[in-house]
Amino acid sequence: MQQTSLPQMARTMTPVLKVQDLKKKFGNITAVDEISFDVNPREIVGLLGPNGAGKTTTINMILSVLEPSAGTITIDGSDSASDRTRVLMHTNFAAVYAPLLGNLTILQNLRVFGMLYGIKRLTERIEEVIRQFDLEPFRKTKYGVLSSGEQTKVNLAKAMLNKPQLLLLDEPTASLDPSISKDIRAGIREFVKSGTTGVLWTSHNMYEVEEVCDRVLFLSRGKILLEGNPRTLPEEYGKKSLEDLFITVAREPLSLDLV
Amino acid sequence: MRISPIFAIVVREYYLMRASIARIVPLFVWSAIDIVLWGFLTRFLSGLVPAGFNAVTVLLGAILLWNFLIRIMQGVSTTFLEDVWTRNFLNVFSSPITIAEYLSGLVISSIIMSIIGVIVMLSIATIGFGLSIFVYGVLLIPFVIILFIFGIALGIAGSAIVLRLGSSAEWFIWPIPAVISPFVGVLYPLSILPPWMQAIGRLLPPSYVFEGMRTVIAGGGISSASLLTGFILSVLSIFIACGFFVYVFRYAVRTGLLARFSAEST
């Protein structure tokens, strides 16, 4: 049986991400409205909601590229507003709208980003993620000429370079075929189970969410409307599937019996 | 400041340069053309002006130093624009890099890129037109330092303008040296300018370099107070430029401009 050390136990008890009363206003528009949630170690939390619900705004605030109007974000025990560098050393992310450098090869991209994160024994770590995501044939290929599936794998390899405590994945499998998506989901799950990383995952693919996420948060108009296990939540609200529940949240949130 | 993130920016530029002749050629080609053009012009003028006026040293030397400033400035701006062209802000600024480390990376990249341009310019001016840069003696050192610092300041200020206004604002960056040059007396003494232009010129560090350069060539002594003023102004300019960049960066983080940089704002 695998034994857990005391520091590891302490770490597994503390949320890797703690969001409290987080709010973002753009002029008169409230994009995120005082939301609070946690992500625990080894937990994959799905952040679901229709387009414009505030998912990417929330992720941008967690990544410190967008300043909250109010509220706090604590990552791995440190406040992101006052300890940005330390927080971001333990965080990473991947998203289709944040491609890597098209004119650099896979190896060069991973080296540059590895240096940005100040990773020790970088060459060794690069070889590990290259093996993990089956990128061996492409190591000297420019990122820009890869297929979208291959690019996604490189994005994920970059996101795992620093073995983050918190991994943010904004629709990581969007535009991928089901076969590649399945492999990528398996790779992420394996990574999460083998360490103490917590994942915040956004997706519009409810099948994927049910398969991967331990817990989901439904966001609509900047507020968290529902939270729970994606496999039991639809039944709790009298819906046949997670997709039905999603559609209800998106179209008629008031019809749900929310307490 | 940590070394690793700074060199991440430098290494990225090295990888990009190594793989693309289109990135290497502009580092020296325009400056080289300038030196060739002015080299022949000074050779022509040398036959027209009275003996004693060394057109090569006065004019070509000034053009070379001015191009040095331009190369430094463009080195900073081009490295910054790489992140604009590749829409890489989200990846870079969601990493633990600080603004000071990022700007340091831009400056070191600029120094390396500028060396290539300076070597080419100096070779053409020396071999082709007989310019001896050592005619300025040890004063060449403060001249270069002042122009270097001011070039960095212009590059950082230009980058802040693009960060604030969006990628199309890069066209504001390229003409900055041309706009400044009439005020700093690259090719003529400040005294021929109207008073209001002289007043602006005295606020710009390169004025002290080009005035000093002409004094040295004419055999006069240059006052250390004048050099010190140029140096203090150049240091002041870099503080202002860094402050401006930090201000714009914070604005971009507060308003969402950084996260959605592809959408230009005015």
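Modeller: A:Thr74 stands opposite A:Asp79 of β5(A). The model is a predicted one. Two bridges join β4(A), residues 70–75, to β5(A), and these strands run antiparallel. They belong to an open sheet of four strands. Its order is β2-β1-β4-β5 in chain A, with antiparallel pairing. The edges are β2 (29–39) and β5 (78–79) of chain A. Each has a single partner strand, so one side of each is left without a neighbour in the sheet. Helix α2 of chain A, residues 55–62, packs on the sheet. It touches β1 (17–26), β2 and β4 of chain A. The direction of α2(A) makes about 115° with that of β1(A).

Now the other end of the strand order. Seven bridges join β1(A) to β2(A), and the two run antiparallel. In β2(A), A:Phe37 is the residue opposite A:Val19. The hairpin of β1(A) and β2(A) has two residues between the strands. In that hairpin, A:Gly27 takes a positive phi near 65°.

Next, the domains. The assignment for chain A gives domain 1 as 6–90 + 167–255, and domain 2 as 99–163. The centres of these two domains of chain A, taken over C-alpha atoms, are separated by 24 Å. Contact between them involves 11 residues of domain 1 of chain A and 13 residues of domain 2 of chain A. On the domain 1 side, helix α7(A), residues 178–193, gives the largest share, with four residues. By class, that side has seven nonpolar, three polar and one charged residues.

Then helix α5 of chain A, residues 122–132. Here A:Ile126, A:Val129 and A:Ile130 are buried. They cover an arc of only 105° around the axis, which puts them on the same side of α5(A). A:Glu124 and A:Arg131 lie on the other side of α5(A) and are exposed. The cover over the buried residues of α5(A) includes α4 (106–116) and α6 (148–160) of chain A. Just after α5(A) comes A:Asp134, with a positive phi of about 50°.

Now across to the second chain. The contact takes 24 residues from chain A and 26 residues from chain B. On the side of chain B that touches chain A, the elements giving two or more residues are α1 (3–18), α5 (89–93) and α12 (224–255) of chain B. Of these, α1(B) gives the most, with eight residues. By class, this side of chain B has 15 nonpolar, eight polar and three charged residues.

Is B:Ala252 buried or exposed? B:Ala252 has 23 other C-beta atoms within 10 Å. Burial needs 20 or more, so B:Ala252 counts as buried. Leaving aside neighbours within four places in sequence, B:Ala252 is in contact with B:Leu163, B:Leu257 and B:Leu258. B:Leu163 is 89 residues from B:Ala252 along the chain. Their C-alpha atoms are separated by 7.7 Å.

How values were computed. Residues numbered from 1 in each chain as written. Chains lettered and ligands numbered in written order. Predicted model: local features only at pLDDT ≥ 70, side-chain atom pairs only at ≥ 80, totals over all residues. Contact = placed C-beta atoms within 7 Å. Nonpolar A, V, L, I, M, F, W, Y, C, P; charged D, E, K, R; others polar. Pairing = 2+ DSSP bridges. Axes fitted to C-alpha atoms, helices over the stretch in contact; angles between N-to-C directions. Buried ≥ 20, exposed ≤ 12 C-beta atoms within 10 Å, placed from the backbone. Arc of directions from axis to C-beta. Domains from an automatic or database assignment.
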